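Happy to walk through this one with you.

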Amino acid sequence: MARDKKTLHPAFTINNIKTLIPILLDIKQDEYSSWVFLFELHLQAHRLLFLINGSAPPPDVDPPTVLQLDALCRQWMFSTMTKDLMLTVLKSGKTAQEIWNHLKKLFQDYKGNRAATLERQFVNLKFVDCTSIDDYCDKLKSISIDYVILIFPWMINDL
């Protein structure tokens, strides 16, 4: 009588997620889209996208292993974000998907608010608030570059 051997899921062999996802997610930095790209790439490589996108797990992964993989995914998320962000997100959900969705909402809201603030600063900057024409131009340039980096991060090399 042959016994079924339970094999170890390859995700459990990852020793240091920070080598695969070297970006430290921070609400104050605009690296969310890069972090998401690397995180999804990593999950796809290990057949774990179901943990964040709501699809069904592969048929060869049993329910107890799914729970372990979900915990592992949450650990990866927490170890690739700043302590302040982690403390904010810890209370947001019990599963990897809930935390993923919370991060998405958090960063989308932050980006919109930051863009509105930059636009307001640009429009409201007055020459009388600056020491010279060079100072005025430097401030306008700085605000516009921050805006472009926020909205069009792939254009950074063109600046």
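Predicted model: local features only at pLDDT ≥ 70, side-chain atom pairs only at ≥ 80, totals over all residues.

Q: How many helices and how many strands does the protein have?
A: Reading from the N terminus, the elements run α-α-α-α-α-α-α. The count is therefore 7 helices and 0 strands.

Q: What percentage of the 159 residues in the protein is buried?
A: Buried here stands for under 20% relative accessible area. By that cut-off, the buried share of the 159 residues is 31%.

Q: Is Lys111 buried, partly exposed or exposed?
A: Lys111 sits in helix α6, which covers residues 96–124. Its relative accessibility is 30%. Buried needs under 20% and exposed over 50%, so Lys111 counts as partly exposed.

Q: Which residues does Lys111 touch, leaving out those up to four places away in sequence?
A: Lys111 belongs to helix α6, and the buried residues of α7 pack against α6. One of those buried residues is Leu150. With sequence neighbours up to four places away left out, Lys111 touches Leu150 and Ile151.

Q: How far apart in space are Lys111 and His9, C-alpha to C-alpha?
A: In sequence, Lys111 and His9 are separated by 102 residues. In space, their C-alpha atoms are apart by 36 Å.

Q: What distance separates the end C-alpha atoms of helix α7?
A: Helix α7 runs over residues 133–151, which is 19 residues. At 1.5 Å a residue it should span 27 Å. The end C-alpha atoms agree with that, at 27 Å.

Q: Why do the buried residues of α7 line one face of the helix, and within what arc do they fall?
A: In α7, the buried residues are Asp135, Leu140, Ile143 and Leu150. Seen down the helix axis, the buried residues keep to a limited arc, so they line one face. The face turned away from the buried side carries the exposed residues Asp134, Asp138 and Lys141.

Q: Which residue caps the N-terminal end of α7?
A: A side-chain oxygen lies 3.4 Å from the backbone nitrogen of Asp134. The residue that supplies this oxygen and caps the helix is Ser132.

Key: Residues numbered from 1 in each chain as written. Heavy atoms only, no water. Helix = DSSP H or I, 4+ residues; strand = E, 2+ residues; numbered from the N terminus. Buried < 20%, exposed > 50% of the residue type's maximum accessible area, 1.4 Å probe, protein only. Contact = heavy atoms within 4.5 Å. Expected span 1.5 Å × (residues − 1). Arc of directions from axis to C-beta. Polar contact = N/O pair within 3.5 Å; in protein donor to acceptor, adjacent residues only side chain to side chain.
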